[in-house]
Amino acid sequence: MPTASAITAFVRRPRPVNRGLILEQAPWPKGTGRVSRLQIILAAAARLFGLEPPEIDCGVDGDGLHTAVYVYPYDPDLAYGFGVTHGTLSRPIRAYVTQRELVSFSLTSEESVEYPLQELVSVDWPDEVWSEEGAVITGPALSVDGETVRSAAPIYGTAEVIYKTLRITHGLQIPARDDAVENVYQSAFWANWAGGVKLLPIKPPEGAEEDYAFRIECTGGSILQFPPEDDPPPAPSKDRTITLDYCEDFK
Amino acid sequence: MPTASAITSIVKQPLSDAAVDIWARLTQEPIPSSADEANIKDLHQMIAAAMAGESAFEYVYDSCPYVVIIDGVVRITLPFFVWPSDLGLAYDLTASLGTISPGVAYEEFRSFDAVFDHTDSYDYEAIFVGELTPEMPFFRDDGTEIKVQPSEIVTTGSLVTLPEPLTTVLRAEGKAYGFRHELVIEVVKAAPAAEPAAEEEGEAAGPALYTAQDLEAAITVAWLDENGETQSDILDMKIPGCVLDLLETCEDGTPKGDPRRPPGELFYLYHSTCNGEVLLGRWEDGK
């Protein structure tokens, strides 16, 4: 049962420049680079009954892979240089995004939110709070100072913090390194500012390197295709022959 | 050059004078995911077989080069590498299961990012000879950019060093040097539940009985370090999924059949033309 207390304090302190920023790669959508059971069943049905084959997201298309790097500066006015070791960056997009975090206290009175907090929307106890003895108690007063969330007393409980943070999105396209024998999509994003530097190696989608090594193409980013010189279909029987073309038949 | 033999010592040879930090590392030859699990390509092939009037049981995907079955004995071959700090380093290899083939001098083209994140050194897994190309500026910890001359980037064996702790990425293109060995395991698939005596007599001469659940193997490499003390490294070998699948038992406890049937045999499935019920399935001469 919520035993909430209102926000009692929110302190926005001037931040030292050398805190810099947080770098993060945009997560790949769930299932990228994988084939689900349902897709296998749909592929079988498509093959047998002439239906449309299922779409499969390899995360890579003819131009390579497309991802994004998020920069979260502690100071919205922070000036930073940036670049990428391999690939092309698009024009950065600045936006304030709302984050909702559950901050857990384990008989503690001070915890932190994950990203630079620019504006606090709300902080509350959405559920029960327990004392050291395990008794349900009224949630102590909560205060927020920068990224630090404080409870007026050490307790067991989870606070919900909703806040806004500045996120600068750098779109990134990484073509395959055709001259490399491995790690063809390896790249890193870097950012430097007066006081520090950070590096973020980019993670390609699952299976991308292996697909490239085995020349499994994923043109259009949707359908797995196999080159015609790959395994030919089994030898024809005495009764009937069906020849499959992995480029044409599975588009 | 070490010439490792099956679970035996290797003739000691002197190290070169250049060796300071002495080590040996083990890695298994990467197993492609296609050897771990079936993919949509396998599915297409099996459907194609069925549509062509053949049994899909006949289809054996060719991405499992780790196993052959000879007279009922399953021979599993798992390649691995020893990467020594010096190609003259003497090392001993032992295996918890199976035998180890003699080492073969091995070199392989490699390309990778040597990432320096607030550090002045990068240690690759193997002796590396090649080119290192900076792909971004060199930054000090305070964010200032400095110039580093190519002569200040020093490669010694597997170690790349910079003149001071910096943040940068060097693209490496070149060759890694080491030794390639093979771990060879011969097993017999576990007998059906109806024949427990065979398992009880597992210590008898000949290949042991194994199922997918109890097949584990580890390699240990041992060498003398710069102080003359014995050091070692252990590698738990990953068994490819296609091998484990072969060793799995069916739901009734019997081993799965050998998919590599003699040429000419086909799996015939007899079914009722009245209600489609499967009456019998068996291997027969395909002629």
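Me: In the hairpin of E13(B) and E14(B), which residue takes a positive phi?

Reply: That's B:Gly228, with a positive phi near 80°. The hairpin has 5 residues between the strands. Bear in mind that this is a predicted model: local features need pLDDT of at least 70, side-chain atom pairs count only at pLDDT 80 or more, and totals for chains, interfaces and linings use all residues. As for labels, residues are numbered from 1 along each chain as its sequence is written, while chains are lettered from A and ligands numbered from 1 in the order in which they are written.

Me: What makes E13 and E14 of chain B a pair of strands?

Reply: Two of them pair if DSSP finds at least two bridges between them. Strand E13 (residues 218-224) and strand E14 (residues 230-236) of chain B have 7 bridges and run antiparallel, so they qualify. One of the bridges links B:Ile219 to B:Leu235. In general, strands of a sheet pair through backbone hydrogen bonds, either parallel or antiparallel.

Me: Why is B:Glu131 called exposed?

Reply: Count the C-beta atoms, placed from the backbone, within 10 Å of a residue's own: 20 or more others make it buried, 12 or fewer exposed, and anything in between partly exposed. B:Glu131 has 12, so it counts as exposed. You'll find B:Glu131 in strand E7 (residues 127-134) of chain B.

Me: What does B:Glu131 touch, not counting residues up to four places away in sequence?

Reply: B:Glu173 and B:Gly174. A contact here is two C-beta atoms, placed from the backbone, within 7 Å. B:Ala172 is 41 residues from B:Glu131 in sequence, yet their C-alpha atoms are 5.7 Å apart.

Me: What makes a set of residues a nonpolar core, and which residues have the most contacts inside the largest one?

Reply: Its members are buried Ala, Val, Leu, Ile, Met, Phe, Trp, Tyr and Cys residues joined through C-beta atoms within 7 Å. The largest has 71 residues, and the ones with the most contacts inside it are B:Ala24, B:Val82, B:Ala114, B:Ile219, B:Val221 and B:Val243. Strand E11 (residues 159-189) of chain B gives the largest share, 11 residues. A second, separate core has 14 residues, including A:Phe105 and A:Tyr115. Back in chain B, B:Val221 touches B:Ala24 and B:Val82, among others.

Me: Over which residues of chain A does pLDDT fall below 50?

Reply: pLDDT is the predictor's confidence in each residue, from 0 to 100. It is below 50 over residues 1-6 and stays under 50 over residues 219-242. The chain A mean is 81, and 77% of its residues reach 70 or more.

Definitions and conventions:
Helix = DSSP H or I, 4+ residues; strand = E, 2+ residues; numbered from the N terminus.
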